[in-house]
Amino acid sequence: MSGGAEQETRPQRQQLLRVRGRSVAWAPPLLLLIAIAVIDSNTSGEFRIISWIVLVPGIAAAICGVRGTAVFAALALVTYIEVDAAWPHQDQTGLPDFILVAVGGALATTACAVRVREERRMLHMRDVADTTRRTVLRPMPTPWAGLDHAAVYLAADSEARVGGDFYDIQPGPHGTRVLLGDVQGKGLPALDAAAALLGTFREAAYHEASLAVVAERLEVRMRRQRQYVADLGEVPDRGVERFATAVLVGFPPPGAPGGHIEVVNFGHDPPLAVGPSGVRPLPPGDGLPLGFGGLAGPASGVPPVHRVPFTPDETLLLVTDGVTEARDAEGVFFPLHERVALAVSVDPGIAHPRHLVELVREGTLRHSTGHLVDDTTIFAVRTAAARPSP
C-alpha cells in the first residue's frame, strides 16, 4: 500500500514540473545553487551571498522528494565549503554560516519528509473516500435499461469528497425507474443515509409495479434510518433531523404505450425536459422531503404520482441544489433554465445527456467561480432509441 501511495504522490507533486513526461523538479534548486555560487564568486568581499545557499534545500523540500532534498542539502553544504574556502581568510564567512547551511539543510529534509508523509495520507484518504462513494454510486453501463445517461458529481468540500447526493437507474419488469436525491448534511452520516435509500430503491423499483409504492418504501426507509441514528445516540446536524429531497421517475416498460413518464417529487427542484422544441420544467416539488411524510398525515404521507408527457427526443435533466443555489460574486443564482434553453436554441445537439451534463457543469463552475456552496450532482437521461449517431 505504501509503495502505491508513493507512486500516486509523485505525480500529484510534480505534475507541473514535467517536460515530455520526465520530472524536472530538480531544476529550480540546482539553478539557484549555481546562481548563488557564481554571483558570490564575482562579488567583492564586502557583499558575500554564499550563505543564501541555505535557500536551495528549502526550495527542494517544497517540490522534490526526501532523497532529492537530502542530496541538495549535502550539495549546498559542499558548495558552501568550496566557494567560501576560495576567498582570502579575512573575507570568509566562517563557522556561523557553515552551521546555518548545515542546520538549514537538515531542517529542510525533515520538513520534506513530513510533507511527503502528509501527501501520502491525504491520497490514501481520497482513495478511501472515492472507493466508498463508488460503492454507493455504482457504475452503470450506457446505454442501460433502454436509457442513455450521463452524470457528474462535484464535492463542495474538496477534502471530504463524500456527501449526501445520490442517483441511480434501476431496470425491472415494470419499467425503468430513475432516482436522484440530496440528503441533508455532509460527510459520512449523509452518505450512510444515501446508501440506505439507494438500497431500498434498487429493490422496490425492481419488484413493485406501482411507482407510488416505491415512493412509500423510500419514505419508510428514511424514517427507519432516522430512528436508527437516534437509537445510536448520534446528534443530528444543527439539531435538525435528517431528511432528503428527491425525484423519482418511472419510464414505461418496453412494449407499453409511450409518450409519458411518471414523476414523484419529494420537495426537490423540478427536473427539466430538454429537447429540440425547448426546455420545460416538470411538476414542482409539491410533496414533503423524505422523512417528513408523517407530518402530512397518514393518508397523504407520500407526494402524488404525476403522469407527464415526455417525447423520445427529450432529455430529462435532474440536478441537486448545488446547481440551483450556485451564486456569482453579486449573489445572483445560476439561471439554469435560461442557460440550457439558450444553448439548445443554438445547438439542439446539446440535449444529448453527455453534452447537457458538461454544459451545466461548466456553467455552474464558471458562474460560481469554482466556489460551490453545496455538493453538486448533474444527471441526465433519455431513451436510448433517440440518441444521435456519434
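Which residues make a nonpolar surface patch of about 410 Å²? Phe47, Trp52, Leu55 and Ile59 make this patch.

## Basis of the model

This is a predicted model, in which local features need pLDDT of at least 70 and side-chain atom pairs count only at pLDDT 80 or more, while totals for chains, interfaces and linings use all residues. Residues are numbered from 1 along each chain as its sequence is written, and side-chain values use heavy atoms, with hydrogens and water left out.

## The nonpolar patch and the annotated spans

Patches are made of residues with over 30% relative accessible area and no salt bridge, with like charges joined within 9 Å and nonpolar side chains (Val, Leu, Ile, Met, Phe, Trp, Tyr) joined within 5 Å. Accessible areas come from the Shrake-Rupley method with a 1.4 Å probe, and for residues only the protein chains shown count as cover. Phenylalanine 47, one of the patch residues, is in the loop between helix 2 (27-41) and helix 3 (55-63). Helices (H or I, at least four residues) and strands (E, at least two) are DSSP runs, numbered from the N terminus.

An unreviewed UniProt entry places the feature "transmembrane region" at residues 23-40, 52-78 and 98-116. UniProt positions are given in the numbering used here, feature names are shortened, and annotations may be inferred rather than shown by experiment. Residues 23-40 are 78% helix and 6% strand, with end C-alpha atoms 29 Å apart. Residues 98-116 are 100% helix and 0% strand, and their end C-alpha atoms lie 27 Å apart.

A salt bridge is a side-chain nitrogen of Lys or Arg within 4 Å of a carboxyl oxygen of Asp or Glu. The whole structure has 12 salt bridges. Glutamate 119 forms a salt bridge with arginine 115, and their closest N and O atoms are 3.2 Å apart. Glutamate 119 and arginine 115 are separated by about one helical turn, because they are four residues apart in helix 5 (residues 95-136).

The loop between helix 5 and strand 3 holds proline 143 and alanine 145. Threonine 142 and proline 143 are joined by a cis peptide bond with an omega of about -5°. Alanine 145 is not a glycine, yet has a positive phi of about 55°.

## The sheet 3-12-11-8-9

Five strands form an open sheet in the order 3-12-11-8-9, with antiparallel pairing. Strand 3 (147-154) and strand 9 (278-281) are at the edges, each with a single partner strand, so one side of each has no neighbour in the sheet. Two strands pair if DSSP finds at least two bridges between them. Neighbouring strands of this sheet are turned by 20° against each other on average, direction ignored. Axes are lines fitted to C-alpha atoms, for helices over the stretch in contact, and angles run from 0 to 180 degrees between N-to-C directions.

Strand 11 (residues 315-319) pairs with strand 12 (residues 376-383) in the antiparallel sense over four bridges, and leucine 317 stands opposite alanine 380 in strand 12. Helix 10 (residues 353-367) packs on this sheet, touching (heavy atoms within 4.5 Å) strand 3, strand 8 (272-275), strand 11 and strand 12. The direction of helix 10 makes about 20° with that of strand 3. A hairpin joins strand 8 to strand 9 through two residues. Four bridges join these antiparallel strands, and leucine 272 has proline 281 in strand 9 as its bridge partner.

## The sheet 4-5-6-7-10

Another open sheet has five strands in the order 4-5-6-7-10, with antiparallel pairing. Strand 4 (163-170) and strand 10 (306-309) are its edge strands, and each pairs on one side only. The twist averages 20° from one strand to the next. Strand 6 (residues 244-251) and strand 7 (residues 260-266) pair in the antiparallel sense over four bridges, with valine 264 in strand 7 as the bridge partner of leucine 248.

Helix 6 (residues 187-207) packs on the sheet and touches strand 4, strand 5 (176-186) and strand 6, at about 15° to the direction of strand 4. Helix 7 (residues 211-232) also packs on the sheet, touching strand 5, strand 6 and strand 7, and its direction makes about 155° with that of strand 6.
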